[in-house]
Amino acid sequence: MKRIGSLLLVSIFSGAITLGAYKFFFEKTDFTIVSSNNNSHPVVSTSYTPTSAKGAGINEVDFTNAAETTVNSVVHVKNLTLNKRRTSVFDFFYGYGETVTPQVGMGSGVIISQDGYIVTNNHVIANATQLQVTLNNNKTYEAELVGTDPNSDIALIKIDADEKLPYLAFGDSDNTKIGEWVLAVGNPFNLTSTVTAGIVSAKARSLDTRSNQSFIQTDAAVNPGNSGGALVNTNGDLIGINTAISSQTGSYVGYSFAVPSNIAKKVVNDIIEYGNVRKAFMGIRPAPVNTRDAVERGINNIDGVYVEYIEEESGAHEAGMELGDIIKKVDDIYVHKYPDLTGYLSTKRPNDTINVTIKRDEEELVLPIILKERQQLIVPEMGMEVKNLTEADKKYYKTKYGVKIIGVPERYRGYGLEGKVIVRVDDREIKNISDADTAFGAISRYGKTIITLLSKGGERERLIFQ
């Protein structure tokens, strides 16, 4: 019995040692020192709860302050459009008149000044005959259109309120980081003051290879009606204007896009200061990517922008840039693809100077480039290349204004457009390439477009595209 008792004591003692060693060496132990009133020795209280099980308080993100700041600065925008149409072929031939059908569109806007300036999307207010803005406190005001830039899809409207309005200041979208938490605030499906959260999924995202617009991509839920609303970070800084979703159904499926605040801010400032948008031009054209030619030449997977074309007398030409140079950086912005470059240039004006880092024959060089106004461009939607008229052109075509067509895409080559001068698109007069850029950017893919042209000697003709 004594032997059995001894073995039992040894077993208990060994188990205690093993358990103590396990607790000491393998479990995380937090120590809290508590002062004792009875003696000078501290009493140690231990906690064996693993750090990962202590709750979700670690690295929590608080959206409440940003949401509270933003919702009162985001408004509901309603536009009334009057659509004219003939109800039958007899109306057209016998002139019985047109049927006017009112159509109401909904969207969002962001108050950017206490005196009532509101930024929204161009497509929210396009062709509106009447604009109405409802604040978060349910007050409604008539709004006037100040200016618009269809290419960036930014518009500026204004209301005259009887009080100082809450507003959001533009943040610096260049400092936005992939993976950063953001909030989208707007009026989806006519539901006012809706806040959704997500992260920045990508920067400098292009949705159209012809325009190379630069968007912030997020996975915050954005639906019809959110257009023109605010994208803010957790500090409540306005870093983007929600613009588009990528969806086959027309509703949110995980991808949404916003115009970066630096681009929106520059467009708004130009509209207020100059009445139109002044676009800066460097003077290069990149080599197309994802093409057979790019693969064969070994430039398809280059990290940067491969310079394929340099316009004469442009800033890039005068700074000594050469064909085959690879643009790696512009000022402090790294350039991995063309939208990185175009997005940054969209925040600049003519006569601004930028420092462009290029790679040439395994050597890195920094070229200071003075940006200029563009003299030629490829217009959106139709893809024709046009240039401003010289004094000789004006005499030849007997006109004081217009843009000359110098390049035509394959699908329009049978129309005999090259060498002619565009003087009007629909009801908009075209005085220069800036006007052409705006007019073609506003073309609807689902309607008809009437282009007024001049040929040799000023002979006028009209072409209708549908």
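The legends below describe an overview and several close-up views of a predicted model.

**Figure 1. Overview of the predicted model.** Residues are numbered from 1 along each chain as its sequence is written. In this predicted model, local features need pLDDT of at least 70 and side-chain atom pairs count only at pLDDT 80 or more, whereas totals for chains, interfaces and linings use all residues, and side-chain values use heavy atoms, with hydrogens and water left out. The protein has 10 helices and 29 strands; helices (H or I, at least four residues) and strands (E, at least two) are DSSP runs numbered from the N terminus. Of its 466 residues, 40% count as buried, where buried means under 20% relative accessible area, exposed over 50% and partly exposed in between (1.4 Å probe, protein chains only). Among contacts (heavy atoms within 4.5 Å) with a separation of 6 or more, 56% are between residues 24 or more positions apart.

Figure 2. The mean pLDDT (the predictor's confidence in each residue, from 0 to 100) of the protein is 83. A value of 70 or more is reached by 81% of the residues. Over residues 24-58, pLDDT stays under 50. For that segment the model has 29 contacts beyond four places in sequence.

**Figure 3. The second largest pocket and its lining.** The volume of this pocket is about 400 Å³. Of the 20 residues that line the second largest pocket, D174, K203, A204, I333 and D340 are the closest to its centre. On a 1 Å grid over the protein atoms alone, a pocket is an open set of points where a 1.4 Å probe fits, with protein on both sides within 12 Å along at least five of seven lines; a cavity is a set from which the probe cannot get out, and lining residues have an atom within 4 Å of a point. Grid points are joined across faces, edges and corners, and the volume is the space filled by probe spheres set on the points. At least two lining residues each come from strand 10 (194-205), strand 11 (215-218), helix 5 (261-274), strand 19 (333-334) and helix 8 (338-345). The lining comprises 9 nonpolar, 7 polar and 4 charged residues. Here Ala, Val, Leu, Ile, Met, Phe, Trp, Tyr, Cys and Pro count as nonpolar, Asp, Glu, Lys and Arg as charged, and the others, Gly among them, as polar.

**Figure 4. Helix 8 at the second largest pocket.** Helix 8 supplies 3 residues, the largest share of the lining of the second largest pocket. Because 7 of its 8 residues are buried, helix 8 is largely enclosed by the rest of the structure. The buried residues are P339, D340, L341, T342, G343, Y344 and L345.

**Figure 5. Aromatic pairs.** The whole structure contains 6 aromatic pairs. Rings of Phe, Tyr and Trp (its six-membered ring) pair if their centres lie within 6.5 Å; planes under 30 degrees apart count as stacked, over 60 as edge-to-face and the rest as tilted. Y396 and Y397 form an edge-to-face pair, 4.9 Å centre to centre with 80° between the planes. Y396 is partly exposed at a relative accessible area of 44%, while Y397 is buried at 4%. For Y412 and F465, the ring centres are 5.5 Å apart and the planes are at 85°, so this pair is edge-to-face. The pair links distant parts of the chain, 53 residues apart: Y412 is in the loop between strand 25 (403-407) and strand 26 (421-425), and F465 is in strand 29 (residues 460-465). Both Y412 and F465 are buried. Ring pairs link Y412, Y415 and F465 into a cluster.

**Figure 6. The loop residue S73.** S73 lies in the loop between helix 2 (64-71) and strand 3 (74-85). S73 is buried, with a relative accessible area of 1%. Its C-alpha atom is 4.9 Å from that of Y167, 94 residues apart in sequence. Not counting residues up to four places away in sequence, S73 touches G109, V110, I111, P166, Y167 and L168.

Figure 7. E362, a residue other than glycine, has a positive phi near 65°. E362 is in the loop between strand 20 (353-360) and strand 21 (363-370) and is exposed, with a relative accessible area of 70%. K398, also other than glycine, has a positive phi near 55°. K398 lies in the loop between helix 9 (391-397) and strand 25, and at 65% relative accessibility it counts as exposed.
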